[in-house]
Amino acid sequence: MSFRKRQRVGSSSRLSSSDGNLKEESSPSPAPPLLHPASVPGGFNDPTTADVLLCLQLDDPDSVQSLDLHLHSAALSRSRYFAALLSDRWHLPDPDGDGIQQLFLKIFPAGDLRCRPFDAYVAVLRLLHTLDFAGAIRSVAGALEMLPVALELLFDDCVQACVRFLEAVPWTEEEEEGVLSVIPFLREEESRDLLARVSPKAAAGDGNSTSEEMLCGLINSAIHGHPNVATVKAFVAKLLRDYSSRDSVRRVLDKAFVWSLETVKELLGKYASPDFRMAGDNDEREAIQRLNLHATMVNVKHLHWLVERMIELRVADTAVKEWSEQAALAADLQKTFRDDAWKNIAPGLPTLVARCTCRLANSVASGSTLAPR
């Protein structure tokens with residue numbers, strides 16, 4: 001039975017783009033000879049115990065290169081691609097068969113003729129059997145060769161091992177270009193640390209950087225958009241604690257605090273406005289007032305969470321200054337609390353306001369936050 005692997009967009013486009021140039025240019029140096037990988041008794045490429053014969057074929061009409069590997073289905077199933085390919089859904093029983101299942105995998109030729117076309121695939125297929133990532137991934141070049149193959153074969157453990165290695169070692173400029181070429185095909189959580197290294201503006205704290213925009217989006221999702229608020233808030237809080245640039249965290253939290261504070265002031269100003277209280281139908285006015293006060297309560301909760309994060313990270317200077325200059329907000333709160341309606345609509349509002357005030361005052365008194373005189 002023959003199967004043709006549908007190439008992932010990431011690896012195929014990168015490899016095939018240089019292949020076109022090679023066909024136009026004549027190269028006198030021949031491709032290096034194929035090396036047949038050594039067999040491991042009872043393991044990788046052992047024909048006596050294998051139940052899968054995988055034929056690697058170069059997808060090039062001008063080449064007849066191929067490589068046969070004797071593999072084990074139990075090891076191949078660690079790859080989600082092979083797990084699906086080897087599932088019973090795609091195979092009919094073969095009573096006359098010898099128990100060996102034959103598969104074919106087409107490989108786009110490498111752009112560099114000095115490279116053996118099957119080496120990266122052999123390395124990843126060997127890792128499916130050994131799981132010795134520390135022993136196999138020893139250089140940036142090796143990790144960059146194996147990562148596209150692991151992505152193509154959906155070998156998640158190998159992808160994670162390659163990414164962790166790249167995060168931990170220095171790169172040359174040429175290697176950094178290779179890292180940039182694979183980042184678009186990684187999941188967001190896998191590529192975050194790599195992006196921080198290859199984006200100097202983000203690491204330096206540029207206010208318009210992609211990194212800070214990402215943090216702003218995460219904070220906004222944590223306090224506004226996600227249904228499982230507690231879990232997302234805990235994740236964002238940890239991300240802020242572990243983030244490398246404290247200046248970026250300060251700017252992002254300052255921006256979120258000011259925005260939430262302005263929202264609270266606007267909503268509470270509408271609720272306390274005498275013009276609004278006297279206008280319109282009573283039932284309609286009461287419904288709108290309830291909405292305004294309830295929204296105020298929700299946004300004060302967001303403010304309290306932001307205050308806690310800013311104090312925890314010792315970046316609450318702006319919050320202390322802004323909170324101490326809210327004469328209009330204090331007046332609107334006094335008007336609101338003179339009316340007993342808040343007790344039924346937002347009974348926890350005074351407590352939340354007091355908590356914000358006390359936490360900021362205590363941070364100044366303890367010296368963790370510096371405030372202007």
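Modeller: Buried means under 20% relative accessible area, exposed over 50%, and partly exposed in between (1.4 Å probe, protein chains only). This is a predicted model, in which local features need pLDDT of at least 70 and side-chain atom pairs count only at pLDDT 80 or more, while totals for chains, interfaces and linings use all residues. Residues are numbered from 1 along each chain as its sequence is written, and side-chain values use heavy atoms, with hydrogens and water left out.

Colleague: Is Asn299 buried or exposed?

Modeller: Asn299 is found in helix α15, residues 282-312, where helices (H or I, at least four residues) and strands (E, at least two) are DSSP runs numbered from the N terminus. Leaving aside neighbours within four places in sequence, Asn299 is in contact (heavy atoms within 4.5 Å) with His224, Thr263, Val264 and Leu267. Because its relative accessibility is 8%, Asn299 counts as buried.

Colleague: How many Å apart in space are Ala161 and Phe133, C-alpha to C-alpha?

Modeller: Ala161 lies in helix α7, residues 156-168, and is buried, with a relative accessible area of 10%. Not counting residues up to four places away in sequence, Ala161 touches Phe133 and Ile137. Although Ala161 and Phe133 are 28 residues apart in sequence, their C-alpha atoms are separated in space by 6.5 Å.

Colleague: Which residue of β2 is the bridge partner of Gln57?

Modeller: Three strands form an open sheet with mixed pairing, in the order β2-β1-β3, and its edge strands, each pairing on one side only, are β2 (66-71) and β3 (101-107). Strand β1, residues 52-58, pairs with β2 in the antiparallel sense over six bridges, and two strands pair if DSSP finds at least two bridges between them. In β2, the bridge partner of Gln57 is Ser66.

Colleague: At about what angle does helix α4 run to β2?

Modeller: Axes are lines fitted to C-alpha atoms, for helices over the stretch in contact, and angles run from 0 to 180 degrees between N-to-C directions. Helix α4, residues 119-130, lies across β1, β2 and β3, and its angle to β2 is about 5°.

Colleague: How many charged residues are there in the contact of α4 with α6?

Modeller: The axes of α4 and helix α6, residues 140-152, come within 9 Å and cross at roughly 65°. The contact involves Ala120, Tyr121, Ala123, Val124 and Leu127 of α4, with Glu145, Met146, Val149, Ala150 and Glu152 of α6. Ala, Val, Leu, Ile, Met, Phe, Trp, Tyr, Cys and Pro count as nonpolar, Asp, Glu, Lys and Arg as charged, and the others, Gly among them, as polar. The contact's residues therefore divide into eight nonpolar, no polar and, as charged ones, two.
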